[in-house]
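Dear colleague,

I am handing over the structure that we spoke about, with the sequence and the model placed just below. After that come my notes on what was found in it.

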Amino acid sequence: QVQLVESGGGLVQPGGSLRLSCAVSGVNFSIYRMLWWRQQPGKEREWLATLSGGAANYRHDLHGHITVFQDNAKKVAYLKINNLTPEDTAVYYCNGQILLSGKAMADEFWGQGTQVTVSP
């Protein structure tokens with residue numbers, strides 16, 4: 001079974017930066033696509049970015065504010081958030097489309113979420 005375990009959240013001051021990690025574990029798989037989402041307090045979960053085949057696609061208004069990348073050897077995906085503001089306060093989720101050995105289509109898995117709180 002594949003698991004996605006997130007880390008890196010916490011309390012940060014405005015203007016700082018944070019790197020969230022999403023470690024993918026399991027046997028005989030490859031990461032087909034990794035998506036990042038967040039859920040701000042009282043709001044619906046919203047898509048932030050997708051990394052697929054080494055190419056990143058960002059929500060238009062977040063260009064330059066976030067960066068997604070991946071260490072394929074370690075099977076860890078990252079979301080870096082720059083110049084944090086209180087509006088970045090949210091639970092952040094990684095969402096992996098994982099191709100399991102022997103299967104033709106990717107299965108979808110979610111991380112447990114990591115809380116980011118931006119406050120002075």
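**The disulfide**

A disulfide (a pair of cysteine sulfur atoms within 2.5 Å) joins Cys22 to Cys94, with an S to S distance of 2.1 Å. Since Cys22 lies in strand S3 and Cys94 in strand S9, the pair ties together parts that are 72 residues apart in sequence; here strands (E, at least two residues) are DSSP runs, numbered from the N terminus. The link of Cys22 and Cys94 is right-handed, with 70° about the S-S bond, and by this rule the count comes to 1 disulfide. Cys22 counts as buried at 0% relative accessibility, and Cys94 likewise counts as buried at 0%, where buried means under 20% relative accessible area, exposed over 50%, and partly exposed in between (1.4 Å probe, protein chains only).

Before going further, please keep in mind that this is a predicted model, in which local features need pLDDT of at least 70 and side-chain atom pairs count only at pLDDT 80 or more, while totals for chains, interfaces and linings use all residues. Residues are numbered from 1 along each chain as its sequence is written, and side-chain values use heavy atoms, with hydrogens and water left out.

**The core**

In soluble globular proteins, nonpolar side chains tend to be buried together. A nonpolar core is taken here as a set of buried Ala, Val, Leu, Ile, Met, Phe, Trp, Tyr and Cys residues joined through side-chain atoms within 4.5 Å. The largest such core has 30 residues, and those with the most contacts inside it are Met34, Trp36 and Leu79. Several strands each supply at least two residues of this core, among them S3 (18–25), S4 (29–39), S5 (45–52) and S9 (90–100), and the largest share, 5 residues, comes from S9.

If residues up to four places away in sequence are not counted, Met34 touches, among others, Leu4, Ala49 and both Cys22 and Cys94, a contact being heavy atoms within 4.5 Å. Ala49 itself is found in strand S5 and is buried, with a relative accessible area of 0%.

**The largest pocket**

The largest pocket has a volume of about 160 Å³. On a 1 Å grid over the protein atoms alone, a pocket is an open set of points where a 1.4 Å probe fits, with protein on both sides within 12 Å along at least five of seven lines, and lining residues have an atom within 4 Å of a point; the volume is the space filled by probe spheres set on the points, which are joined across faces, edges and corners. Its lining includes Ser30, Ile31, Tyr32, Gln70 and Lys75, and the largest share of that lining, 3 residues, comes from S4.

**Two backbone details**

Most residues other than glycine have a negative phi. Asn28, although not a glycine, has a positive phi of about 55°; Asn28 lies in the loop between S3 and S4 and is exposed, with a relative accessible area of 56%. Lys75, also not a glycine, has a positive phi of about 60°; Lys75 is found in the loop between S7 and S8 and counts as partly exposed at 27% relative accessibility.

With best wishes

How values were computed:
Helices (H or I, at least four residues) and strands (E, at least two) are DSSP runs, numbered from the N terminus.
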